[in-house]
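This report goes through a structure part by part. Please look at the sequence and the model before reading on.

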Amino acid sequence: MIAINHFYFKYPQSGKHILKDVSLQIPSGSLTLVTGASGSGKSTLLRSLNGLVPHFTGGEISGKINVLGKDPINLGPEQMAQWVSTVFQEPETQFIYDRVDDEIAFALEHAGLNRDEMQSRVDTACLFLGIDGLQSRRISTLSGGEKQRISLASALVTQPRLLILDEPTSQLDPQGADEILRYILDLRSRLDLTILISEHRLERVLPYADQMIYLPGDGSARVGTPEDILPQMLLVPPLIEVSKALSLSPLPTHPEEFPKNLTIQPVKETVSVETYAPPPALQISDLSVKLSGQQILDKITLTIHQGEILAMMGPNGAGKTTLLRAVLGLVPSQGARLVMHKSIENHSLNTIINQIGYLPQTPNDLLFSETVLDELVVTLTNHNLEMSSEEMLHHLKELGLDGLASAYPRDLSVGERQRVALAAITIYDPPIILLDEPTRGLDYGNKQSLVQLLQIWKKQKKAILVVTHDVEFAALLADSVLIFNEGRVTYFGEPQKIFTQHPDYQTQTAQIFPGSGWYRLEDVTFSRLSAH
Amino acid sequence: MTNALTWASWLLASLAILLSTRNPLLLSLILILLLTLGTRMTEPGSRKRWLGQNLSFIGTMIFLSSLINFIFTHSGNSELFTLPQSWFLIGGPFTLESLVYGTINGLVISSLYLTFAILNKALSVEQLTRLIPTAFYPLTLITTISLTFFPSIQERTAQIKEAQMIRGNPMKKLSDWLPILIPLMVTSLENAVQLSESMTARGFQTHTEDQKSPKGLVLLILSTFLVFSGWILSLFSYPSWTSWSLYLIAFLGIALLFIALSRKVKIVHLHKDRWTTADIAAALLFLLISLLMVSLIISQKTAFLTYDPYPTLKFPSLPLTALLLGLVPGAPLLFNLSHDRH
């Protein structure tokens, strides 16, 4: 059992407490979902349970924490490691060794276990997580999902009583994320583990959670069952939104729990005739990429029109990022690439980016200037363009960054930093925008702001290609969808079919209203619903 | 040949040979052998890329080293042309000898680089860190972080460079690299903090007893004193064995201290480094060669390995003993180099 009493914490040189008078209890063997906006203190709360806060971070602390009868504030993380294991957000940054078995055994080596016991525990953890064939592999050769499982195995091998997972599925495709969560659920039942998971995409974890800790951002923490907490939250998954609107009680946490006795009144189908097709902005035909002898992309053909948002989805390692890089000419490719009907085959990168703005997966890579405004100036200078301060400030306002022109970009929140990077790549108004995993690490609020921004750009006739694992986000935006697997296009067309029928990409709305054709919250017409 | 200590003895022998010779024929032979070894140790699909990258590095290194020596060293009899003496630093005769000397420097640097690159390929990070005495545990932490980070920093540099290029940075001038340095430094620091946080949370150094011992400190001071005494004696006309005896006692003292300190670190490694017959044979061979090289260096009998292009350039000779020693860095080619330690 975990008990926190009147806990306060303030980071060094910070003016305010990130956690303020937090008191809660977590029963043994439960799975607790920790949620809240970015910067609300989720990671701080989790790190205080294994002693990393304050031993690793420093800071002012008061109150009491009891984890399985131990006091992490006094014992520190090295001692707490005997009972508490932590899996951090990005597996890549927590790997110490380069071989799978060495990495998994790290904590055991330092606990001084005998070699046979160690080998047996490593074998068991690998078998349990389905990675027993990977033990002698180099970690760098593994996929994102496999790496995630290795970090889980490294945590489980010490046979902890408390497992802390900080956004364990943030980098995974829906199938990979679901697989990991099922493993975690299995662990709980087999090992009698207490599990704490921090996650932005509630829809992924809610079905499995016994209780929730909600950090509203004012330093406090609210704890209770999902039924208690969800009504207090402003931004929730579509299933909860619909259930709230229908005043369902208790609130379902899984689409299967949604009442089946609702019927949807049919409406007379109206046939709309498309009279105007916008001109294509980006055309790709038979694009192939081969790297180190391996076929990464195989004859990809697609078109994005002006004012269209295309969502590109597919499993980790399918070749989505490579396609974006190939469009820009950053990797050698074969096939045709046309922008506004003109081939860009022999164009330099500098010429191509005049028409295509590209936001990579880590927007931090773009930011280096002293102020947000300077970031825009740098891009303009690179493009030999000039712009008045007023125009730049207007651009910042459009992206919701007004008032931050003189802020240091790296001091901003995750969502703000991403918008600064977006401002930097769109200040010269490119007609085509490519976005690679733009919702990674974003909370619901930031995601909503991004959706609004992309819709504004769509109205301005920009062609937007978004690579994402976030099904709900893609469903909100996409005019067309492209599903990618092993370097090939497996589906390219209108979104409704994918989001209502494909088992891997079905949205929550489509799951709770099967056969309705609805896949977004905005599609739900409550007046057509009736109970039978 | 998979044992970390066998590879360490290979490194020792190779370094002893490489640092004792300036014979361009011998160095070229070693370089070719190291390139062959490195290529064989690379996965078949990536061999071409590895060879290409290393050849371009070696070419650049030799070119720069030759150019710098050619421009700034004005010794040698074979004058190619002369610039006025009044020209700061570069004024004077430009000679063939200085060009060759620079090329030899380039060959030495390239061979040293390849030797370490091969060691890095042969051993896992865990094996490499195990080569550091457990007494230096904090050092192991830093080494682990560096070894884990080096490839990721290269990867990050490429990613950030690409991100800046798609923002319109032409990456042509030196100042164009500034936008790469700041994100690289910040993300590297962030990643280093995350890694050390992960190590702490996973119980790094939990079972290490307190290593501060007054006896150990006394032994360390005494050993250091003996080393200095030996060095002072060597400056005067005392027989050389007196200095060497003091060095030996100091060495034993320090070794004892390390053993005692290492015993306090209770870490058990998952894999016992396997000793195959090939490993034992190779380790013995490399240790014998290392000892031979050390004795040759001490007795100053390494003339057969040396070559000096000054004052007048002449074609280097390659005695049989030198040729045989030159084959040593390539000796692992005779063994099975599988990575599998099970």
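In which kind of crossing, left-handed or right-handed, does helix 1 of chain B pass helix 10 of chain B? The crossing of helix 1 with helix 10 in chain B is left-handed.

## Two packed helices in chain B

Two packed helices are described by the angle between their axes and the distance between the axes. In chain B, helix 1 spans residues 4-18 and helix 10 spans residues 277-298; their axes are 8 Å apart, at an angle of about 30 degrees. Angles under 35 degrees count as roughly parallel, so helix 1 of chain B is roughly parallel to helix 10 of chain B.

Residues from both helices make up the contact. Helix 1 of chain B brings L5(B), T6(B), S9(B), W10(B), L12(B), A13(B), A16(B) and I17(B). On the side of helix 10 of chain B, the residues they meet include F286(B), L287(B), I289(B), M293(B) and V294(B). Sorted by class, the residues of this contact are 13 nonpolar, three polar and one charged.

## Chain B as a whole

Chain B contains eleven helices and two strands. Their order along the sequence is α-α-α-β-β-α-α-α-α-α-α-α-α. The C-alpha atoms of the chain fill a box of roughly 70 × 65 × 45 Å along the principal axes.

Chain B has 342 residues, and 31% of them count as buried. Among its contacts between residues at least 6 apart in sequence, 73% join residues at least 24 apart.

## Confidence

The mean pLDDT of chain B is 87, with 95% of its residues at 70 or more. Where pLDDT is low, the predicted coordinates should not be read in detail. For the complex, the predictor gives an ipTM of 0.80 and a pTM of 0.78.

## Where the chains touch

The contact between the chains takes 52 residues from chain A and 45 residues from chain B. Several helices of chain A supply at least two residues each to its side, among them helix 3 (72-80), helix 4 (100-111) and helix 5 (115-128). Helix 4 of chain A gives the largest share, eight residues. The side of chain A that touches chain B has 26 nonpolar, 17 polar and nine charged residues.

## A covered helix in chain A

Helix 11 of chain A (residues 320-328) is mostly covered, with seven of its nine residues buried. The buried residues are K320(A), T322(A), L323(A), L324(A), R325(A), A326(A) and V327(A). Just after this helix, G329(A) has a positive phi of about 80 degrees.

## Backbone details

Which bond joins S249(A) and P250(A)? A cis peptide bond joins them, with omega at about -5 degrees. P250(A) sits in the loop between helix 10 (238-245) and strand 10 (262-264) of chain A. In chain B, a cis peptide bond joins Y310(B) and P311(B), and omega is about -5 degrees. P311(B) is in the loop between helix 10 and helix 11 (320-327) of chain B.

D21(A) is in strand 2 (residues 19-26) of chain A, while E167(A) lies in the loop between strand 6 (162-166) and helix 7 (174-191) of chain A. D21(A) counts as partly exposed because it has 14 C-beta neighbours inside 10 Å. E167(A) has 20 other C-beta atoms within 10 Å, so it is buried.

Definitions and conventions. Residues are numbered from 1 along each chain as its sequence is written. Chains are lettered from A and ligands numbered from 1 in the order in which they are written. This is a predicted model: local features need pLDDT of at least 70, side-chain atom pairs count only at pLDDT 80 or more; totals for chains, interfaces and linings use all residues. Axes are lines fitted to C-alpha atoms, for helices over the stretch in contact, and angles run from 0 to 180 degrees between N-to-C directions. Helices (H or I, at least four residues) and strands (E, at least two) are DSSP runs, numbered from the N terminus. Angles under 35 degrees count as roughly parallel, over 145 as roughly antiparallel, 65 to 115 as roughly perpendicular and the rest as oblique. A crossing is left-handed if the near helix is turned anticlockwise from the far one by less than a right angle, and right-handed if clockwise. Two residues are in contact if their C-beta atoms, placed from the backbone, lie within 7 Å. Ala, Val, Leu, Ile, Met, Phe, Trp, Tyr, Cys and Pro count as nonpolar, Asp, Glu, Lys and Arg as charged, and the others, Gly among them, as polar. pLDDT is the predictor's confidence in each residue, from 0 to 100. A residue is buried if 20 or more other C-beta atoms lie within 10 Å of its own, exposed if 12 or fewer, and partly exposed in between; C-beta atoms are placed from the backbone.
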